[in-house]
Amino acid sequence: MDLGLLLHALIPSSTSVAILAAFFTYLAIVGPILPGKVVPGVILQDGSRLHYRCNGLLSLLLLVALLGMAAKMDYISPTVISDRGLELLSATFVFSCIVTLALYAAGCKSRNQGSSLKPHITGNLIHDWWFGIQLNPQFMGIDLKFFFVRAGMMGWLIINLSVLARSIQDATLSQSMILYQLFCALYILDYFFYEEYMTSTWDIIAERLGFMLVFGDLVWIPFGFSVQGWWLLNNKPELTTASVIANCFVFLIGYLVFRGANKQKHVFKKNPNAPIWGRPPKVIGGKLLASGFWGVARHCNYLGDLLLALSFSLPCGISSPIPYFYPIYLLILLIWRERRDEARCAMKYKEVWAEYCKLVPWRILPYFY
């Protein structure tokens, strides 16, 4: 594709805008009405707490079923997203910019002093727009932070399924594509099965909603994390049996570490006395968990996330660095986030954090980092 065709493909069309609008409208409608467990969020500084209806898995399965029926009845093409990938990318990027400008303007006008909506304005326009100025802004009763991360994860799977449909139609379906699709689908379905664990993560409890999170959720996750699928449409690497087994092993270990660590932290926040690995939890200063995975490394969940990201790229072989965009990017992001989290925890917990660091010296990867 030459530069002219590339630029033309990046121009949002009415179809791409309609697809995006229909997707967000669907999520806005089904989110409040579909049954799901209502989970209390963490207690905020002012003593308040938000509640989240965790019906993401049902919402996703219903969406896939509706799209499947619509495709079977020829109302839509199953490859419409893969055929219009660049258009949708640019349309979503423009939408992200508009949303974050609206969030900034609304935040500046807010006089609410509650923890969720109190504006944190530094006076630096770029900083405030990038990081956001409100913790949990809402629109028509919808918690936008929770809404956007749900949209990004669902969008990732929908894009992958459209890429899979294109691969089947073009008769280019390969073992690599099947592995990639299987690993990503399992990861995304697991995410929504344990969606309530998201309510106690750094993004939800600490990050304000600005361009960084909105762009990350709506653009970076669905379009950036699906690079391997797009690459496999035009490439068919040969995998040995040993490499397939090794790839499955990396995925399994990554999943066990990622899900196990997040589950331990979530359960600990709900019940600090719940046993971990069959033993009473070790707690530093009555606040910081130092048992299980959290006694191995201070951010061991990041290690699991990195192994999972690597498992999504390994089916592509080693002939090109392009499919490894996601794990490389994630490594940089998580190290940056880990540094920010360490600084925040050191300020918040002071000598308790120093004691925890002494007991658990490794940041992410034991005996290495």
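Residues 147-165 are 100% helix and 0% strand, with the end C-alpha atoms 27 Å apart. This is a predicted model, where local features need pLDDT of at least 70, side-chain atom pairs count only at pLDDT 80 or more, and totals for chains, interfaces and linings use all residues. Numbering runs from 1 along each chain as its sequence is written, and side-chain values use heavy atoms, with hydrogens and water left out. Helices (H or I, at least four residues) and strands (E, at least two) are DSSP runs, numbered from the N terminus.

**Annotated segments**
- UniProt, in an unreviewed entry, lists "transmembrane region" for residues 6-29, 50-68, 88-106, 147-165, 177-197, 209-233 and 239-258; such annotations may be inferred rather than shown by experiment.
- Residues 88-106 come out as 100% helix and 0% strand too, and here the end C-alpha atoms sit 26 Å apart.

**The second largest pocket**
- This pocket holds about 790 Å³ of space, the volume being what probe spheres set on the grid points fill, with points joined across faces, edges and corners.
- A pocket here is an open set of points on a 1 Å grid over the protein atoms alone, where a 1.4 Å probe fits and protein lies on both sides within 12 Å along at least five of seven lines; lining residues have an atom within 4 Å of a point.
- Its lining counts 32 residues, with Ile-19, Leu-63, Leu-67, Ile-81 and Ile-158 nearest the centre.
- Elements giving two or more lining residues are α2 (14-33), α3 (56-72), α4 (80-83), α5 (85-109), α7 (144-169) and α10 (211-224).
- By class, the lining has 26 nonpolar, 6 polar and no charged residues (Ala, Val, Leu, Ile, Met, Phe, Trp, Tyr, Cys and Pro are nonpolar; Asp, Glu, Lys and Arg charged; the others, Gly among them, polar).

**His-299 and Cys-300**
- His-299 sits in the loop between β6 (288-289) and α13 (300-313), while Cys-300 belongs to helix α13.
- His-299 counts as buried because its relative accessibility is 3% (buried is under 20% relative accessible area, exposed over 50%, partly exposed in between; 1.4 Å probe, protein chains only).
- Cys-300 is buried as well, at 3%.
- Setting aside residues up to four places away in sequence, His-299 touches Trp-294, Glu-338, Asp-341, Glu-342, Arg-363 and Ile-364 (contact means heavy atoms within 4.5 Å).
- With neighbours within four places left out, Cys-300 contacts Val-257, Ala-261, Phe-293, Trp-294, Arg-363 and Ile-364.
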